[in-house]
Amino acid sequence: MYKKMTFAALMLALSAASAMAQTTLKLYTSQPNEDARMTVSAFEQAHPDIKVNWIRDGTTKLTARLQAELAAGGGVPDVLLISDSVTMESLRQQDLLAPYQSPEATRYDPSLYDAAGYYYGTKLITTGIAYHRQAPVKPASWQDLLKPELKNMTAMPSPLYSGAALIHLATLTNNPQLGWNYYQQLKENGAMPQGGNGAVLSAIASGSKAYGVLVDFMAIREKAKGAPIEFLFPQEGVSIVTEPVAMMKNAKNPAAAKAFIDFVLSEPGQRLVLKQGYLPARADLPAPAGFPPRDHIKLMTFDAGNALAEAEQNKQRFSQLFGSR
């Protein structure tokens with residue numbers, strides 16, 4: 001009896017020691033719930049000594065929560081995995097992020113991460129043209145949406161509601177082939193803001209609009225489910241949202257945060273992105289099912305710092321042009 005009790009006590013002590021040795025990582029993410037569960041599970045399997053406590057919400061709500069916690073003197077997350085680089089640039093300029101030079105960065109195009117290591121893009125979510133299968137014209141270019149025969153047939157997400165749409169606006173208006181004149185012409189041809197990307201998808205799938213400016217994976221997934229929708233990457237190029245990852249300046253567990261950053265940038269982490277149906281940020285991995293080959297997708301130039309500086313001005317100008325929709 002004494003030996004059995006001693007063994008049981010030993011096992012209990014070992015279990016307690018193991019629990020104490022396990023590091024807890026606090027993650028804020030805007031990934032969809034299922035994607036976030038897959039990401040956290042894969043990371044914990046790769047790092048069994050780290051337990052991830054994660055909170056999922058939209059990027060705007062997460063950043064508002066973060067600011068409120070900071071103002072109240074509360075705890076902050078160790079790491080962020082949120083939708084766009086403009087938000088990350090804003091947090092960097094507020095001195096809320098910590099730089100980290102990930103060894104995985106050497107496998108990435110320098111345009112996809114901050115040179116000082118404050119944040120790293122993890123995937124490429126592009127915005128292109130979606131259209132109903134029975135649409136009268138099969139477009140190939142952004143300019144095709146200006147054709148007279150497409151008048152009043154185009155829906156688009158509003159940058160007043162969608163972060164991806166705001167990045168798309170900043171990208172196209174800084175493109176010498178397009179600029180604000182392109183948006184003026186869209187307005188004259190009856191293009192209609194619909195709110196977010198989800199509303200644009202519904203408009204096209206239902207047939208109420210024949211064309212739409214839309215993020216790639218939403219259209220491609222709906223097509224795979226049987227919806228009468230097609231998606232194309234315009235010849236001038238596409239805008240991108242990169243879902244960047246970053247470590248907070250006052251992270252309680254910086255070593256675990258660095259391990260998380262390295263993981264999502266590593267080949268296993270990027271193959272998970274591919275499995276989830278997104279275009280990985282690593283150029284040495286293929287495109288997912290339903291996408292054209294990577295070399296058929298042209299990415300437009302984008303500067304997160306400029307986009308942040310021009311954000312309010314761009315929103316105001318868009319609102320004056322299209323109204324507050």
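**View 1. Gly 226 and helix α8.** Gly 226, which follows helix α8, has a positive phi, near 105°; helices here are DSSP runs of H or I with at least four residues, and strands are E runs of at least two, both numbered from the N terminus. This is a predicted model, in which local features need pLDDT of at least 70 and side-chain atom pairs count only at pLDDT 80 or more, while totals for chains, interfaces and linings use all residues. Residues are numbered from 1 along each chain as its sequence is written, and side-chain values use heavy atoms, with hydrogens and water left out. Within α8 (residues 216-224), Asp 216, Phe 217, Met 218, Ala 219 and Ile 220 are buried, a term that means under 20% relative accessible area, with exposed meaning over 50% and partly exposed in between (1.4 Å probe, protein chains only). The cover over the buried residues of α8 includes β6, α7 (197-206), β9 and β10 (229-232), where contact means heavy atoms within 4.5 Å.

View 2. Strand β7 (residues 154-156) runs parallel to β9 and is joined to it by two bridges, with Thr 154 opposite Tyr 211.

**View 3. The largest nonpolar core.** A nonpolar core is a set of buried Ala, Val, Leu, Ile, Met, Phe, Trp, Tyr and Cys residues joined through side-chain atoms within 4.5 Å. The largest has 57 residues, of which Leu 25, Phe 43, Val 79, Ile 229, Val 245, Phe 260 and Ile 261 touch the most other members. Helix α9 (residues 254-265) gives the most to this core, with eight residues. Domain 1 (23-122 + 242-291) and domain 2 (124-240 + 299-322) both give residues to this core, so it lies between them; the domain bounds come from an automatic or database domain assignment.

**View 4. Around Phe 43.** Leaving aside neighbours within four places in sequence, Phe 43 is in contact with residues including Leu 25, Ile 50, Val 52, Phe 260 and Phe 263.

Conventions: Two strands pair if DSSP finds at least two bridges between them.
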